[in-house]
Amino acid sequence: MERVNLSSSSSISRIIYGMWRLADDINTSSKHISDKVNLCLGQGITSFDQAAVYGLYSAEALFGEVLKANPSLRHKIEIVSKCGIVNPSDRYAGVSVSHYDTSREHIFNSVDASLKNMATDYLDLLLIHRQDPFLDHHETGKALDDLIKSGKVKEVGVSNFKPWDFNLLQSAMKSHLVTNQIEMSLAATDSFTNGDLAFHQERATTIMAWSPLGGGKLMKDKGILGKALKKIAVNQNVDIAAVAVAWLLAHPARICPVMGTNNLNRIAKISDAMNVKMDRESWFELYTASFNDGKLQWRLP
């Protein structure tokens, strides 16, 4: 498995295993979750993506039970987590409305809860989960800098930020924001032309792609795109998921897909995407197929 450097001292596996739906699985036992982790490790997938809010604030603790049972595992993996979303729940019993909180107090409290839930004394990477329209970039920026100084967090980044939000927060920080996790797939291609991808590609910022299979939509597509995916999959003896992920991997920006399936058979095949051959024409065949009519509308000068 290829690795991607976040900084001179930190790296992640090119493909990341996402735990967004960990608590939604029929089987949430430590044994079952451990099986998922071991399948990932067997393919060189060492980076695991969490968030405080996942599973309505339960997913981190489920993962933590696995880490408690096998303490040596912590030194073989990188843990990514996110903070900043507050939903009415047992954790936030007094909250009446869902909102974003990027205050220093919330960030520190959330990180402490994540560390406790996952039985670790540091996070490899912390992301601000969503851009906050009530953001005090000086307060948030200093909080992230101080977390790195404290050793509780090795690296920091963001998720779902637009370029101007990224620049605003970075302007108030001494540390570097090392990544932005955004929705990218053949079912969500806007970032390839709206400036989001270009912004980070220019700065050599690592880009993580969440929902790289469009929430499963690509697996069920029966139209032009589905046929194009199936053709390549059959020719290269892989499944459609591998082709869809390979489409992201082929981009020069070195996008890092975050795979979130709970199915053990599918987890075992995640790394197949690394072996799919995707040349420029194949890439554009899929890209154009992602449009309703399967065609790019070229503009004449």
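Trainee: Which strand do three bridges join to β11, and in what sense do the two run?

Mentor: Strand β12, residues 256-259, is joined to β11 by three bridges, and the two run parallel. Keep in mind that this is a predicted model.

Trainee: Which strand pairs with β12 over two bridges?

Mentor: That is β3, residues 16-18, which pairs with β12 in the parallel sense. Two bridges meet the requirement of at least two, so the pairing stands. Tyr17 has Met259 of β12 as its bridge partner.

Trainee: Why is β11 called mostly covered?

Mentor: β11 spans residues 206-210, and five of its five residues are buried. Thr206, Met208 and Trp210 lie on one side, Ile207 and Ala209 on the other. Buried residues are found on both faces, and both faces are covered.

Trainee: Now a single residue. Why is Arg74 called buried?

Mentor: Its relative accessible area is 7%. Buried means under 20%, so Arg74 falls in that class. Arg74 sits in the loop between α3 (59-69) and β5 (78-83).

Trainee: What makes the approach of Arg74 to Asp124 a polar contact?

Mentor: The two side chains are joined at 2.9 Å. The limit for the N or O atoms is within 3.5 Å, so the pair passes on distance. The Arg74 side chain also reaches the backbone oxygen of Ile77, at 3.2 Å. Beyond four places in sequence, Arg74 is in contact with Leu67, Ile79, Thr120, Tyr122, Leu123 and Asp124.

Trainee: Why is Val95 called partly exposed?

Mentor: Its relative accessibility is 22%. Buried is under 20% and exposed is over 50%, so 22% lands in between. Val95 is in the loop between β6 (85-86) and β7 (99-100). Leaving aside neighbours within four places in sequence, Val95 is in contact with Val86 and Pro88.

Trainee: How do you know whether Tyr57 is buried or exposed?

Mentor: Its relative accessible area is 9%. The cut-off is under 20%, so Tyr57 is buried.

Trainee: And why is Asn237 called exposed?

Mentor: Asn237 has 72% relative accessibility. Asn237 lies in the loop between α9 and α10.

Trainee: What does Val238 touch?

Mentor: Val238 is placed in the loop between α9 (224-236) and α10. Not counting residues up to four places away in sequence, Val238 touches Ala233, Val243, Asp272 and Val276. Val238 and Pro252 are 14 residues apart in sequence and 23 Å apart in space, C-alpha to C-alpha.

Trainee: Last topic. What is the volume of the largest pocket, and which residues are closest to its centre?

Mentor: The volume is about 930 Å³. Of the 39 lining residues, Arg21, Gly215, Met259, Gly260 and Thr261 are the closest to the centre.

Trainee: Which elements each supply at least two residues of that lining?

Mentor: Helices α2 (54-57), α8 (217-220), α10 (240-249) and α11 (264-267) do, and so does strand β12.

Conventions
Residues numbered from 1 in each chain as written. Predicted model: local features only at pLDDT ≥ 70, side-chain atom pairs only at ≥ 80, totals over all residues. Heavy atoms only, no water. Buried < 20%, exposed > 50% of the residue type's maximum accessible area, 1.4 Å probe, protein only. Helix = DSSP H or I, 4+ residues; strand = E, 2+ residues; numbered from the N terminus. Polar contact = N/O pair within 3.5 Å; in protein donor to acceptor, adjacent residues only side chain to side chain. Contact = heavy atoms within 4.5 Å. 1 Å grid on protein atoms, 1.4 Å probe; cavity = no way out; pocket = protein on both sides within 12 Å on 5 of 7 lines; lining within 4 Å. Points joined across faces, edges and corners; volume = space filled by probe spheres on them.
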